[in-house]
2 protein chains.
Amino acid sequence: MTPSVPQGFKLSGTHCGIKRNPGKPDLSIIMSDRPATAVGVFTQNLVHAAPVALDRQRTPTDRFRVLVINSGNANACTGDRGLADARQMATLAAAACGVEASHALVMSTGVIGEFLPLEKIEAGIRAASKQLGNSEESLVLGARGMLTTDTVHKLSGRTILVDGRSVQITGMAKGAAMIGPRMATMLSVIMTDAALEPATAKTLLTSIADETFNCISVDGHMSTNDTVLLLANGAAGTAPLTGESLATFGQALLEVCTELAKAIPNDGEGCTHLVTIDILGCADKAAARRIAKTVAESPLVKTAIAGADPNWGRIVSAAGYSGVAFDPGKVDLDVNGVRLYQQGSPLAFDKPAVAESIRSQRDTHVRLMFGEGEATARFWTTDLTPEYVRLNADYTT
Amino acid sequence: MTPSVPQGFKLSGTHCGIKRNPGKPDLSIIMSDRPATAVGVFTQNLVHAAPVALDRQRTPTDRFRVLVINSGNANACTGDRGLADARQMATLAAAACGVEASHALVMSTGVIGEFLPLEKIEAGIRAASKQLGNSEESLVLGARGMLTTDTVHKLSGRTILVDGRSVQITGMAKGAAMIGPRMATMLSVIMTDAALEPATAKTLLTSIADETFNCISVDGHMSTNDTVLLLANGAAGTAPLTGESLATFGQALLEVCTELAKAIPNDGEGCTHLVTIDILGCADKAAARRIAKTVAESPLVKTAIAGADPNWGRIVSAAGYSGVAFDPGKVDLDVNGVRLYQQGSPLAFDKPAVAESIRSQRDTHVRLMFGEGEATARFWTTDLTPEYVRLNADYTT
């Protein structure tokens, strides 16, 4: 079910010719009818795109009015001209929507290293600014305008009661490859009509991104453009959230971010399995995450799951090179609920049955348990298929 | 050209039924007719195989006599029984060759997590010990007995003059996947009839492995069994090498190890390109290596090369998430000798011509230059093809 648009927000999505296929929107606008809090988490890649640099300068803010997003071109590795182009794109969107230029933010995604086609973008902004709406159709078009190789748009929402007011949280995301977690690793925008102070919003988004968008992987390649923005315009009439209200809101936001984050590897290029990796019994959270990430990114683990092969040696050996110290003699491993390895030694198990349980379901569950402590981590990753390779062997040319 | 066997060494390779195909040798023996220096470098994977544990205990030594190697079974993740099996395998080889049990070393490679078929191995050791020889055929059979998914055996040799004596260095290696550099990442044995003190040999091998076997990648998955052994029996009649003689020997050993190391990604599973990555202008060696490794392991870089796609944004953005600090505005990139990116901005270049230069050759050369200092690193990696994925989706089942 498509969630509703939070009060005070309008969206649109249009095709302006950055992508070749005229059926695919490539430019979206999201506007708030009043000044809103906007905070972001961004890629940790040193080589970051121009829109990331611009949004980093302009957030946190409580003056946000408009966000313009294009797909088909990442405006990354484009030097000073790229920065000027991002600023120009923001200025054009602000002008079209009648707001101050400095209250506009920008996101771009697509091919790296080509300059933005500014004439097309200008025409797209003009068209999109005239189609802004808060219908289900507007929301879906806005969500589709940010997609690249995604096969489905990604939306998630929650309606909650806070301080006696009905509050809506609605988020969208894009991403299907170049997904390697460190901070946020894709594009996502979450709108809410709750009121949030910028500092509170930033703290909340950072901690939630760390448990959701930073715990996914498709190929371990950290993008240049990763951005998650949280936009909160207060149109629901709440006071800025604190205490119990903030906790209620935070729980709903966590659920929305978890759904959006999982939707990305689930739509991973060429993927046939969504793999949930649970790491238990580690000395600390950092250790659990590091093991989860190493297992999630091993091409040998990922190809084994593509082949429905319960090749547990690849999982255990990936943990072994994660750089985390542990006693190999205290490791247990379950795949889809079946114990394959216990206290550092192989168990006899029904291999055809486990293979069939992998083959017959889209979800695979890997549970790796250490005897070192109480810390846990959960990661989501894809399998690795020939189709992923084919898709990526010929993306720009 | 097949190199010759160093004086005082004999080898054999036989099929004993660990692999299904009777045409593929799966057990090799290498014997020295006199006590030899043996030193090793081993996987840094915490989850290391039983033969690695045994060889770590028994080296460095100046009493080495026999090495037995099996393929088709890694004897990894096999707990205490695996350790007992590795020791038993060494004892059987020593008995068959009439030497002391503690002077025997073991290597295993193949599927992780299954117990060694000791009866087959005992029969194989008996057969192989009767076929030991120093002919070209014996050397090739010995080199073939260690192969798994390799499509070719890997040999390299040099004949040099040291202290007025002709000295032979001959090495063999195996590896085509689960290749991720940190120390040695595959199996290799290098024999020489020069004399080397164990401590000297260990220092030399460690520093050379760091520049060769530790600078290769197929999939970034560090194996449980990686081992490089250097065996030096002194049969050429030299005194233990020092000074100028050691330097001459070291240069030849570096050449042999470089050839063997490059042969591994060149035979990488499903690979259609051998990619040489040169990193220049870094602040220090560690930084240069870290960038090289990150670029070498990016699935997006590897699929682009498979598709003959000069998608330089993937190369630059991989460097950006390596964790090394650098100024993106001072980065230059050449692919196959053509400048694609200069001082942080894209250059106009003849894309079809660069694509054709990638497509038409097996070797691809990536040269990434930073403006941070004088340190350099060279890595060798493969492209990533659908065939790699197919091979690894169905390896144990």
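Predicted model: local features only at pLDDT ≥ 70, side-chain atom pairs only at ≥ 80, totals over all residues.
## Where two helices cross between the chains

α8(A) passes α11(B) in a right-handed crossing.

Sorted by class, the contact of α8(A) with α11(B) has five nonpolar and two polar residues, with no charged ones.

## The wider interface

Let's step back to the whole interface. Here 51 residues of chain B are in contact with 52 residues of chain A. On the side of chain B that touches chain A, at least two residues each are supplied by α8 (299-306), α9 (312-320), β13 (345-346), α10 (351-359) and α11 (386-393) of chain B. Which of these elements gives the most? It is α9(B), with seven residues.

If you like to think in residue classes, the side of chain B that touches chain A has 25 nonpolar, 20 polar and six charged residues.

## How the two copies are related

Chain B is superposed on chain A by a rotation of 180° with 0.0 Å of shift along its axis, and the RMSD is 0.0 Å. The two copies are thus related as by a two-fold rotation axis. Which residue of chain B comes closest to that axis? The C-alpha of B:Pro386 does, at 2.0 Å.

The interface residues tell a matching story. Of the interface residues of chain B, 100% are also interface residues in chain A, so the copies meet through the same surface.

## Chain A on its own

Now for a single chain. Chain A has eleven helices and 15 strands. Its radius of gyration is 22 Å, close to the 21 Å that the globule rule gives for 397 residues, so chain A is as compact as a globular protein of that length. Taken along the principal axes, the C-alpha atoms of chain A fill a box of roughly 70 × 55 × 35 Å.

## A helix pair inside chain A

Within chain A, helix α2 (residues 79-97) packs against helix α3 (residues 118-129) at an angle of about 25°, their axes 9 Å apart. The two helices, α2(A) and α3(A), are therefore roughly parallel to each other, because angles under 35 degrees count as such. Their crossing, too, is described by its hand: α2(A) passes α3(A) in a right-handed crossing.

On the α2(A) side, the contact is made by A:Asp85, A:Gln88, A:Met89, A:Leu92, A:Ala93, A:Ala96 and A:Cys97. On the α3(A) side, A:Leu118, A:Ile121, A:Glu122, A:Ile125, A:Arg126 and A:Ser129 take part. By class, the contact of α2(A) with α3(A) has eight nonpolar, two polar and three charged residues.

## Backbone details to look at

A few backbone details are worth a look in the viewer. A:Thr59 and A:Pro60 are joined by a cis peptide bond with omega of about -10°, and A:Pro60 lies in the loop between α1 (50-58) and β3 (61-73) of chain A. In chain B, a cis peptide bond joins B:Thr59 and B:Pro60, with omega of about -10°. There, B:Pro60 has its place in the loop between α1 (50-58) and β3 (61-73) of chain B.

Finally, A:Asn75 has a positive phi of about 45° although it is not a glycine. You will find A:Asn75 in the loop between β3 and α2 of chain A.

Methods. Residues numbered from 1 in each chain as written. Chains lettered and ligands numbered in written order. Contact = placed C-beta atoms within 7 Å. Helix = DSSP H or I, 4+ residues; strand = E, 2+ residues; numbered from the N terminus. Nonpolar A, V, L, I, M, F, W, Y, C, P; charged D, E, K, R; others polar. Least-squares fit on C-alpha atoms with pLDDT ≥ 70 in both. Axes fitted to C-alpha atoms, helices over the stretch in contact; angles between N-to-C directions. Parallel < 35°, antiparallel > 145°, perpendicular 65-115°, else oblique. Left-handed = near helix turned anticlockwise from the far one by under 90°. Rg over C-alpha atoms; globule rule 2.2 N^0.38 Å.
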